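Please read the following numbered points with the structure open beside you.

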Amino acid sequence: MCGIVGYIGNAQCFPILIKGLHRLEYRGYDSAGVAILNDNNQLNIYKSRGKVEDLEHFCESKDVEGTIGIAHTRWATHGEPNDVNAHPHCSSHGDLALVHNGTIENYNVLKKALIEHGCEFKSETDTEVLVQLIEYIKENNKCTLIEAVTEALEQVVGAYAIAVIDRNTPDTIIAARKSSPLVIGIGDDATYLASDATPIIDYTDKVVYLNDDEIAIIKKGEPLQVINADKEPSNIDIKTLKLSVSQLEKGGYPHFMLKEIYEQVMTLEDCIRGRVYNNSIVLSGVNENSEAFKSAHRIIIVACGTSWHAGLIGKRLIQDIARVPVEVEYASEFRYSNPVITPNDIVIAISQSGETADTLAAISLAKEKGAFVYGVCNVVGSSIARATDSGTYIHVGPEIGVASTKAFTGQVTVLAMLALAIGQLRGTVSTDTLVRTTSAIEMLPALIKETLKLDKDIEKLSRTYTYVHNFLYLGRGYNFPSALEGALKLKEISYIHAEGYPAAEMKHGPIALIDHELPTVVIAPMDDLHDKIISNIRQVKARGGSVIAIVNKGDKTIKSIADFTLEIPAVPECLSPIIASIPLQLLAYHIAVKKGCNVDMPRNLAKSVTVE
Ligand code: F6R
């Protein structure tokens, strides 16, 4: 959470910083701010509660001249979202400004000590402690900015990506990271820094991903220097970005979420490309680690949110196809559960952003205990992609809408391919299953295109449900996680309470909720449990509930009982959650739009959860 941007060069930095903040707004939009050093060595800091556009309005009549600056968009952790708690934070003597993404866990102890030494604090944030500490060390030890930053970071417990500027060294930005991402862009006559590469791509495709405990010294007109925890120079590994500006724009759609729902035709093509070959699966990450996959006694999947739902489907896929026992854990629970992990276990970490703090912590724990860790990530070069031993990218392109859509279908598709690849290695998958499933995987983009034709009907249907307060989602087998995911999509963007349940569990409690005011969405493709789910639908109808059923084309039985049916094309059961997710995403989207909600930036949420 929180996004940081920095610029040092010859151009005016304000427009570059603002554009960068807009790109990072998915990481938090409680407040935004900039700090700019101008040619007269004046440090101007402007901050405002709310979104980046509020900051832009606020700065309209301000002096924003300057070629060195840092900026921040905030997802509040310490202190409410207001102007004072907004970043950048300034030191007591007004020389330093700092932006921060992460949390300083020992900030209270440090704050107390600094107050005893006469520091005065303006905000309630943990970040202000860091900038005051750096100034205190710099003045007390009469040392340079880099020495003060290094010493301050040694005293800090927690996670951070920071950027600091100092009126006394107006040609320098110091940046550092521990557990929060930071990318440095190397231009011809300028250097950029940001929480991810999206603010940088307009200016350069050459980037350096900072590693944990590294500090970057970015000086105007000089090559980048990076030092590691031992204060030794680090090797600077310049990577070339494979990202285009058009991927970061709405492309004529009213919202990123709708664009990303429609993009799934193309993103699944990208996800599958080169991986299905002659009715078999080729995943380099699996082939290169074939011994680990052949000998694994157990697989543990760790993830959060939507990625955890994909993990639940992955469990079924891997167990059915590769016959390896699989457990699925919330990363946030797993990391504190003293789990039994052995070197014979494989831990699969699933994450769109590749930056989720809990998933990263689960990975380090698994590695400490000797497990082989495999990543299923979207963001290339992200912290999780780099922390894992090997992995498979889902390759669905930047996902900007806060509600995950195309990443979910990409994750499930990769997990299906992973299950088949492991099954091939272990000899557990029959030729018939391999041929049927790989052919269906290749058909997915076309089938998604067909399913998207439901959009107009769903838009009409959504009008009926705009003012409903609660929803129930039911599914069985492979589609129980679809029910969880459908409910999550609705609640996060429309603020309507929604619960996902295994359909058969309904009678053990939730059935008490059913009345004419509670609509139930049932995901009911023609699978082995079809007859059973028909009974569940009858149970809802018998109690006056209305039912929206997602069914396969030609399902006359459910059509005759449900209030509304949305027909999706048939695929093998194990791939049905991919197709079923399309109407679920569209239903949530249209209801939220009708309610006037900001679907791309729902309240209280952020796309990348880099704090606990
Ligand atoms: C929901 C959503 C979140 C994320 C979760 C994990 O639409 O996007 O629940 O799935 O925060 O994020 P990643 O996948 O980036 O680790």
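1. Leu 474 has Tyr 501 as its bridge partner in strand β23. This pairing, like everything below, is read from a predicted model. Strand β22, residues 470-475, pairs with β23 in the parallel sense, and 6 bridges join the two.

2. The sheet to which these strands belong is open and has 5 strands, in the order β23-β22-β24-β25-β26, with parallel pairing. Its edges are formed by β23 (497-502) and β26 (564-568), each of which pairs on one side only. From one strand to the next, the twist averages 20°. As background, the strands of a sheet pair through backbone hydrogen bonds, in either a parallel or an antiparallel arrangement.

3. Helix α12 covers residues 357-368, which makes 12 residues. The distance from its first C-alpha to its last is 17 Å, close to the 16 Å expected at 1.5 Å a residue. Beyond the helix comes Gly 370, with a positive phi near 90°.

4. Is α12 mostly covered or mostly uncovered? The helix is mostly covered, since 9 of its 12 residues are buried. Buried here denotes under 20% relative accessible area. Among the buried residues are Asp 358, Thr 359, Leu 360, Ile 363 and Leu 365, together with alanines such as Ala 357 and Ala 366.

Terms used. Residues numbered from 1 in each chain as written. Predicted model: local features only at pLDDT ≥ 70, side-chain atom pairs only at ≥ 80, totals over all residues. Heavy atoms only, no water. Pairing = 2+ DSSP bridges. Helix = DSSP H or I, 4+ residues; strand = E, 2+ residues; numbered from the N terminus. Axes fitted to C-alpha atoms, helices over the stretch in contact; angles between N-to-C directions. Expected span 1.5 Å × (residues − 1). Buried < 20%, exposed > 50% of the residue type's maximum accessible area, 1.4 Å probe, protein only.
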